[in-house]
Number of protein chains: 2
Amino acid sequence: MRKDYLLTPGPSPVPAEVLLSMAHPLYHHRTPRFQAILKEATERVKRVLLTKNETAIFASSGTGAMEAAVANLAASGRKALTIEGGKFGERWTELCRAFGFAHEVIKVEWGHAVEPAAVERALAKDRSIAAVFATHCETSTGVLNDVKALGEIVARTDAVLVVDAISSAGCCELRTDDWKLDVVCVGSQKGLMLPPGLSVITVSPKAKALMEGAKARAAYYFDVPKALAAAAKDDTPYTPALTLIIGLNESLKMIEAEGVENVFRRHKALAEAIRAGAKALGLELYSKSPSDSITAIVVPKGVDGEKVVKTLRDVHGVTFAGGQEELKGKIMRIATMGYCGRYDVIVAMAALEMGLAEAGFKLQLGSGLRAAEEVLLARKVH
Amino acid sequence: MRKDYLLTPGPSPVPAEVLLSMAHPLYHHRTPRFQAILKEATERVKRVLLTKNETAIFASSGTGAMEAAVANLAASGRKALTIEGGKFGERWTELCRAFGFAHEVIKVEWGHAVEPAAVERALAKDRSIAAVFATHCETSTGVLNDVKALGEIVARTDAVLVVDAISSAGCCELRTDDWKLDVVCVGSQKGLMLPPGLSVITVSPKAKALMEGAKARAAYYFDVPKALAAAAKDDTPYTPALTLIIGLNESLKMIEAEGVENVFRRHKALAEAIRAGAKALGLELYSKSPSDSITAIVVPKGVDGEKVVKTLRDVHGVTFAGGQEELKGKIMRIATMGYCGRYDVIVAMAALEMGLAEAGFKLQLGSGLRAAEEVLLARKVH
């Protein structure tokens, strides 16, 4: 008997109620029965993303929604500005390259958030920029970027702001309309408490106008104006991932029952508890601007980070994420995403303590746990 | 109490065992645990498609695999030949247009299969054609095209044959390698007995070489060479639809337990029983070259076809598909796909008899059923 605990930044755990809701017998999707579910799920996801913008759901991973944003905005015939501060910021640049979207790049030191002023300068310098591609939570580094500040800056120009909110939506504070985020891309397998396989895109009128712009869209499966037109009729251009959408509707009901503001507060407290616990153990956080959905902890000197992550997963049954690419072996990432409560933080902290102790790192057992409990009690996480 | 029977050409019914297998708790996908499942599912799907070609699985509907074929083969910098004999043949042309793939079109009268000689002539006339895009089962008309004959013709040239086998794979005889089909596109929600949300693409070395060809690929999410390279390492470039792949592995186990040749024989007998029953009721088949996965029946004069389909669905609980676009109200389509046995044919035929009788069509109740039973007994369908 080994119980498994999933603390990775996607997939994240899915409530059993939601898992079972997706075992629903199949029925046809071009029916009032499914259209009612799709309409309800779409309205719910808009409320959770705090937007009135038009919204479409694709059968794809989150990268599909990112491709949809790039491939359709490339039709503007203008330029893109991408912000690279990690693996997922780089994905924006790679997408621009694939779809022939001329682009400038702002490079940000890994572990740091982008300086909003850098974006302001880049936009002032090049008026042909039509779209700024940013990352809310950079999953590879645990950094949260200030997309609210970026929204203010971009809204003063004729460009649009596109935000990869794949690992922040349903976790970190994210106010699509108040923050003037023109396009928001979301995946199902993180804060939305679903398996992977769905992505969501919300599109402001300003962004839609650019997509319907000068050039032909090199987009078919991810043709956003077509998907939005179908969504307006409670439909999808191609066969939707029916059972996942049934599940989405159920997980969104749970999120709305808790209340979106409470969801933000819960994630804030959970991540704060992880950070406090890590610090109490003498560990360093990798991110200078930490996200409330994922905490990147620097592997202490003398410890084999990859081995700790592997042992925790294979022996303890507790799955953290290691570092990717240049951060391989150098950080451990603990996600607090979606279906995650105070006792998940306790499990994570105990695993961190025991995993590091087994690896020979000197620490006082229980000290991380105590610090975490203090935060959880003070923040009244329920 | 109303029991529901799903006889539409996707989604098709999913066995309860498979539905429940997908309620598995989530775990991380970059782990030996998931890689073993992905490897097994990929090997199984290759055996079911009777191919040794490299194969990738996408989180998308079947159209995603079609886009993958077009967007990547457009990199050849040459031309396409599309065959349009229905809504899904037209999709190939639309995709070529979206991805700037110059193309010739062979138009085929709806309800008819393409003449292989027409493809041969088109290839002889224009040596710049690099890819022929064909539809195995044209779901909108119930036509099965002779892709075996097309495979022979195309294999003698330096072009490749791409086959939309979305509504034939796992149902109709389909021999990827023997028939020289360079690229085969499949969706999950038909013969593979899964919910929608996965697509599969198999790629011959000849097709892969064209994809790696002259021009840059306007493909990222559907970058086929990248997906194949990942698949070779039991991995995917982006987060896979993990629970659907768990389900795929289970449904493929069931297909392999029955045996692929038996699956072909079963579908042949089921569709023949439907056709015999329809004829015994004095009904006409729409397709001159009928598929064994879907039977299109012409709505008899004086009968409101849309109303019959709607009444059967909403009152009887039996869902057929109506006609699409220009065939709206003119045909009824009964799918015999995947998780479908002799008593599903009985239900379908009884629904056809009772639905038409209620609509005022003169028929002898039980005569379609008798004809269907005669075929089922003669063909020994188990």
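Student: Hi! How many residues does the contact take from chain A and from chain B?
Tutor: The contact takes 44 residues from chain A and 44 residues from chain B, where two residues are in contact if their C-beta atoms, placed from the backbone, lie within 7 Å. This is a predicted model, in which local features need pLDDT of at least 70, side-chain atom pairs count only at pLDDT 80 or more, and totals for chains, interfaces and linings use all residues. Residues are numbered from 1 along each chain as its sequence is written, while chains are lettered from A and ligands numbered from 1 in the order in which they are written.

Student: Do the copies meet through what kind of surface, the same or different?
Tutor: The same one, because 100% of the interface residues of chain A are also interface residues in chain B.

Student: New topic: is strand β8 of chain A buried or exposed?
Tutor: Five of the five residues of β8 (residues 160-164) are buried, so the strand is largely enclosed by the rest of the structure. Buried is 20 or more other C-beta atoms within 10 Å of a residue's own, exposed is 12 or fewer, and partly exposed is in between, with C-beta atoms placed from the backbone.

Student: And which strand pairs with β8(A) over five bridges?
Tutor: Strand β5 (residues 129-135) of chain A does, in the parallel sense; strands pair if DSSP finds at least two bridges between them. Ala134(A) has Val163(A) as its bridge partner.

Terms used
Helices (H or I, at least four residues) and strands (E, at least two) are DSSP runs, numbered from the N terminus.
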